[in-house]
Structure formats: C-alpha cells, structure tokens
Amino acid sequence: MKKKTIWTIAAIMGISFLILLFLQLKYIREMVNMKKEQFDESVNRALYQASRNLELNETLQYLEKDVNETERKSYKKDSVGTRSGNPDGTVQFSHQYSTVGKDGTVFSSFELKTITTSPASKPKAMILKSDKGSISEASKSLQEIVKNRYVYQKALLDEVVLSILYSASEKPLRERINFRMLDQDLKAELMNNGINIPYHFTVSTQDGREVYRCPDYTDEGEEYTYSQVLFRNDPASKMGVVKVHFPEMNKYIYSSVRFMIPSVIFTLVLLVTFIFTIVIIFRSKRYTEMKNDFINNMTHELKTPIASISLAAQMMNDKSVTKSETMMNHLAGVIQDESKRLRFLVEKVLQMSLFDRKKTVFKKKELDLNEMIENIANSFSLRVEHTGGKIYTDIEAVDSTIYVDEMHFQNAIFNLMDNAVKYGKPGEALDVYLKTWNDDEHLCLSIRDTGVGIKKDDLKKVFEKFYRVHTGNVHDVKGFGLGLAYVKKIVQLHSGEIKVDSEYGKGTTFTIKLPIIKD
C-alpha cells in the first residue's frame with residue numbers, strides 16, 4: 001500500500017474520531033449546563049418558598065396571639081355584665097372592639113352584637129310551617145350573623161397586620177427567626193424540588209452583618225452561593241438575607257452525565273489504538289523498506305566474494321591456463337581471503353539473529369581497556385594513514401579494568417573504527433581520536449573522527465537494525481546496516497551505555513560508558 005493512501009485513510013479516520021469526541025464532549029457540556037440551570041431554578045424556588053413560610057409562620061403567631069388576647073378580654077368583659085339576660089329567657093351578647101395603633105391612636109371602633117333570641121320561643125317545626133315572611137326573617141338573621149362574624153374576623157386581621165407593621169419589624173432578626181424551623185423548611189423545600197444533598201446556610205442583615213451560621217458550616221463550594229431576601233416587604237434596613245451553598249453541588253450536577261464517561265473513554269481508547277495502529281503500519285513499512293535495502297546490500301556484498309571464488313575455481317579448472325606454482329598460490333590465497341570475507345558477512349547476520357533470540361553466551365573476563373585501545377589503534381593505523389590522516393590516542397583512565405567478552409567487545413570497537421574510516425570525507429585526510437577517562441563511577445571511551453558526520457534526522461536512528469544513512473548511492477559504502485545495532489546491543493549486555501554526537505560535515509563522536517571494576 002502506498003504511503004499516500006495510508007496517510008489519506010489515517011486522516012479520514014483521525015478526523016472522524018476527533019469529531020465524534022468533540023460531539024460527545026459538547027453533549028456532556030450541554031447536559032451539565034442544563035442540569036445547572038435546573039439546579040439553580042430549583043434552589044431559588046425552594047429559598048423563595050422557605051422565606052414565604054417564614055413570613056406566614058410569623059403572621060400565624062401574631063394572629064394566634066391576638067385571638068387569644070381578644071378572647072381573654074371578651075370573657076373578662078362577659079363576667080362583669082356584658083352578657084345580659086331578659087326575664088323572657090332571651091339572651092343578648094355584646095362585644096366592644098377597637099383597633100389601637102402603637103402611639104395610642106384609635107383607628108377603628110365597633111360593637112359586635114348577636115341577635116337577641118329566645119331559644120325555646122319557636123320550635124323548628126313551627127318555623128318550617130310558617131309563612132314566607134318568617135323564612136325571610138330567619139334568612140336575614142343568618143346573614144346578619146355571617147356579616148358580624150366577617151367584620152369581627154376582618155378586624156382581627158387588621159389588628160394583626162398593624163401589629164406586624166408597627167412591632168414585628170422593630171424586632172432584631174435573631175428574635176424574629178426560628179433558625180431551627182428555617183433549617184427544616186429549607187431542607188423540606190429542597191427535597192420537594194428534587195435536591196437531597198448537604199447544604200450550609202447563613203442569615204445576615206441587609207448590610208452584611210452575619211446573624212446566624214449553621215453549626216456544620218464549611219467554606220467548600222462557597223463560590224456558588226444562592227441568596228434570598230427575608231421579610232422583603234419590610235423596610236430595607238430591617239430585611240434579612242439567607243445564603244445557601246452546596247459543598248457537593250458539582251458532584252450532584254456531574255452525576256447526571258456519568259453514563260457518558262464510558263463512551264468518552266472508549267472513544268479515546270479507540271483513537272489511541274487507531275494512532276498506535278497507524279504508527280505500527282508506518283514502522284512496519286519502514287522496516288520492510290530497510291529489510292529490502294538489507295537484502296539488496298547483502299546480495300551485493302555476497303556477490304563479490306562468490307564471484308571471486310567462482311573465478312578462481314574456474315581458472316584452476318581451466319586446462320588451457322598455464323598453472324604455475326605462483327599462480328596457484330595466488331588463486332588459493334584469493335579463495336581463502338574471499339571465503340573469510342564471506343564467512344565474516346554470514347557470521348555478522350547470524351550474530352544479530354542470536355542476540356534477538358537471546359541465545360548468545362558471553363565468555364567474560366577482566367581486560368585492560370587502555371591496552372585494548374592501543375592495540376586497536378595500531379591495527380587501524382595503516383588504513384587511516386592511507387587517507388593522509390592519523391590516529392591520536394589520549395589514555396587518561398586510571399581504573400581501566402573491564403569485565404567483558406573479549407571477542408564481542410573488541411568487535412564492537414572495530415565496528416566503530418570501521419565506520420569512522422568508511423565515512424571519511426572523499427579525497428581528504430581523516431583523523432581519528434581515541435580517548436579513555438574515568439568519572440565518578442564509570443570508565444569512559446570516546447571515538448571521534450573528522451569524517452562527513454551524520455544529519456540530525458538520521459542521528460536518532462543510527463542504532464536501529466538495517467538502518468543505513470544514505471549518501472546518494474546505496475552501495476557506495478559497504479554494509480548491512482547491522483554494525484551500530486550490534487555495537488549498542490553489546491554495550492547494553494555489558495551493563496554500559498552508548499551515545500552519539502555529530503555535526504554534519506565536521507565529524508562524529510561515539511561515547512561508551514562502562515561500570516568500573518575495582519580491585
């Protein structure tokens with residue numbers, strides 16, 4: 001599949017997932033906003049009803065108080081002669097009533113009278129059989145009773161209203177409000193409106209002076225406070241304010257969208273899985289391309305020694321060619337050298353295969369790194385000097401003992417040196433600098449060259465298997481792309497670490513750190 005096709009599919013699927021996730025989040029936000037509006041409306045309605053109940057309770061208290069006082073006064077007046085009896089058995093009731101203001105002004109005065117009746121004067125049967133005039137008279141009497149009762153009750157209410165206006169509003173809020181009953185009303189009204197979560201409330205004056213605070217008051221959730229005016233028809237200076245907040249309001253609101261959380265999580269999981277799949281596809285595609293390059297390089301690398309061996313064998317078998325001892329020795333040498341080269345290439349591939357399967361067994365022993373570096377420098381001196389350059393060694397390590405597998409570790413350093421020589425600048429002298437030193441807990445080795453260097457894009461990939469830095473022609477530098485992967489694997493298996501620094505056009509430095517083996 002072409003890379004463009006993969007990118008197109010990835011873009012369509014990615015945009016689809018993002019749009020789906022956006023719609024889910026938007027839906028959750030809308031639901032939260034709607035739930036918040038419902039919550040606000042319910043709380044405000046509950047606070048309003050609670051404040052109204054408070055006012056009704058105060059009115060009821062004053063009404064009961066006034067009725068009780070009026071009845072007590074009426075009974076007292078009756079006991080001193082306001083109720084009169086006539087010789088004929090009729091009884092007349094009379095009540096004098098007046099409304100007095102706070103300053104003593106009389107606002108209204110009336111006398112409440114009942115009808116003078118003689119209970120036994122007329123039996124019910126006689127009333128039923130009487131003429132229309134008698135029925136009309138009885139109806140008027142009943143209307144008069146109802147009217148008198150209405151006037152009486154209205155006068156009571158007028159007096160209660162005046163009492164509230166001129167006396168109740170003069171009391172401080174602490175005396176006017178039963179805070180326990182207010183708490184009960186708030187709880188009941190909130191439950192009636194579907195809100196059953198903990199709340200805290202305070203009561204304060206209109207100018208902000210706090211009068212009461214509930215016993216379990218906390219500041220949590222105070223940023224969302226709901227207020228309601230108490231005694232809103234009183235003068236502004238006499239009004240109160242009840243403030244309520246809910247510590248678990250957010251939890252209550254977001255509880256309505258919990259069922260959407262799994263959907264969002266699954267969408268995110270699918271999105272991450274999709275991205276991971278696309279990354280794997282591109283990585284597999286890159287590995288495929290690298291393996292194809294590896295196969296091409298391997299074919300090219302193996303073809304040369306095979307061709308040389310085949311040509312030498314053909315010449316040895318050709319009877320038309322004069323076979324002197326010198327020629328036979330030369331052909332045997334070619335076959336031997338090319339066979340060694342062929343075996344080296346095959347072993348290089350097999351080594352990485354063994355490392356992947358974790359079947360390699362190291363034969364570790366203590367060696368001196370300084371001595372190993374000197375020997376390797378001598379081995380590569382001819383190749384480096386052939387370019388016009390030189391190998392410089394700087395041996396500073398004091399604790400230079402390492403515990404490694406000699407063959408593998410030496411091969412790793414050989415690979416680094418071989419890369420330094422292969423990637424030198426064409427036609428220019430190559431200098432290689434080898435240095436050893438100690439830090440607090442490590443023995444360090446660096447190999448620096450003045451070759452072509454590595455680009456930043458390639459720098460982080462050079463330790464990957466089959467990866468080769470392209471220089472225009474795939475085959476202008478021999479190799480399989482396994483050398484640095486092999487070096488990193490060897491260093492890691494010896495509890496060390498390796499890093500590379502390079503500046504394109506100026507050279508590359510490989511630094512290896514190994515644990516110190518102290519006597």
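**Inside the protein**

Author: Let's start with the largest nonpolar core of this predicted model. That core has 41 residues, and those with the most contacts inside it are Ile-391, Ile-402, Phe-409, Ile-413, Met-417, Val-432 and Leu-434.

Reader: Which elements give two or more residues to this core?
Author: Among the helices there are α9 (369–386), α10 and α12. The strands are β11 (401–405), β12 (432–438), β13 (442–449), β14 (497–503) and β15 (507–515).

Reader: Ok, pick one residue. What does Ile-402 touch?
Author: Leaving out residues up to four places away in sequence, Ile-402 touches Lys-365, Glu-366, Leu-367, Leu-369, Phe-409, Leu-443, Leu-514 and Ile-517. There's also a second, separate core of 36 residues, including Leu-173, Phe-179, Leu-186 and Tyr-226.

Reader: Are β10 and β12 parallel or antiparallel?
Author: β10 and β12 are parallel, paired over 5 bridges. As one example, Tyr-392 has Tyr-433 in β12 as its bridge partner.

Reader: How do α10 and α12 cross?
Author: The axes of α10 (residues 406–422) and α12 (residues 483–493) come within 9 Å and cross at roughly 140°. The crossing is left-handed.

Reader: Which residues meet there?
Author: From α10 you have His-408, Phe-409, Asn-411, Ala-412, Asn-415, Leu-416 and Asn-419, and from α12 Gly-483, Leu-484, Tyr-486, Val-487 and Ile-490. The residues of this contact divide into 7 nonpolar, 5 polar and no charged. Phe-409 also shows up among the residues with the most contacts inside the largest core.

Reader: New topic: where's Lys-506?
Author: Lys-506 is in the loop between β14 and β15.

Reader: Why does Lys-506 count as exposed?
Author: Because its relative accessibility is 57%, and exposed means over 50%.

Reader: What is Lys-506 in contact with, leaving aside its neighbours within four places?
Author: Lys-506 is in contact with Lys-425, Asp-449, Thr-450, Gly-451 and Val-452. Asp-449 is 57 residues apart from Lys-506 along the chain, yet their C-alpha atoms are separated by 8.4 Å.

Reader: Back to Tyr-226. Is it on the covered or the uncovered face of β7?
Author: Tyr-226 is on the covered face of β7 (residues 225–230), with Gln-228 and Leu-230, whereas Thr-225, Ser-227 and Val-229 make up the uncovered face. In a regular strand, side chains alternate between the two faces of the sheet. β7 runs antiparallel to β8 (residues 240–245), joined by 6 bridges, and the bridge partner of Tyr-226 in β8 is Val-244.

Reader: Last one: how many helices and strands are in the protein chain?
Author: The protein chain has 12 helices and 15 strands. Of its 519 residues, 33% count as buried.

Methods. Residues are numbered from 1 along each chain as its sequence is written. This is a predicted model: local features need pLDDT of at least 70, side-chain atom pairs count only at pLDDT 80 or more; totals for chains, interfaces and linings use all residues. Side-chain values use heavy atoms; hydrogens and water are left out. Axes are lines fitted to C-alpha atoms, for helices over the stretch in contact, and angles run from 0 to 180 degrees between N-to-C directions. Helices (H or I, at least four residues) and strands (E, at least two) are DSSP runs, numbered from the N terminus. A crossing is left-handed if the near helix is turned anticlockwise from the far one by less than a right angle, and right-handed if clockwise. Contact means heavy atoms within 4.5 Å. Ala, Val, Leu, Ile, Met, Phe, Trp, Tyr, Cys and Pro count as nonpolar, Asp, Glu, Lys and Arg as charged, and the others, Gly among them, as polar. A nonpolar core is a set of buried Ala, Val, Leu, Ile, Met, Phe, Trp, Tyr and Cys residues joined through side-chain atoms within 4.5 Å. Buried means under 20% relative accessible area, exposed over 50%, partly exposed in between (1.4 Å probe, protein chains only). Two strands pair if DSSP finds at least two bridges between them.
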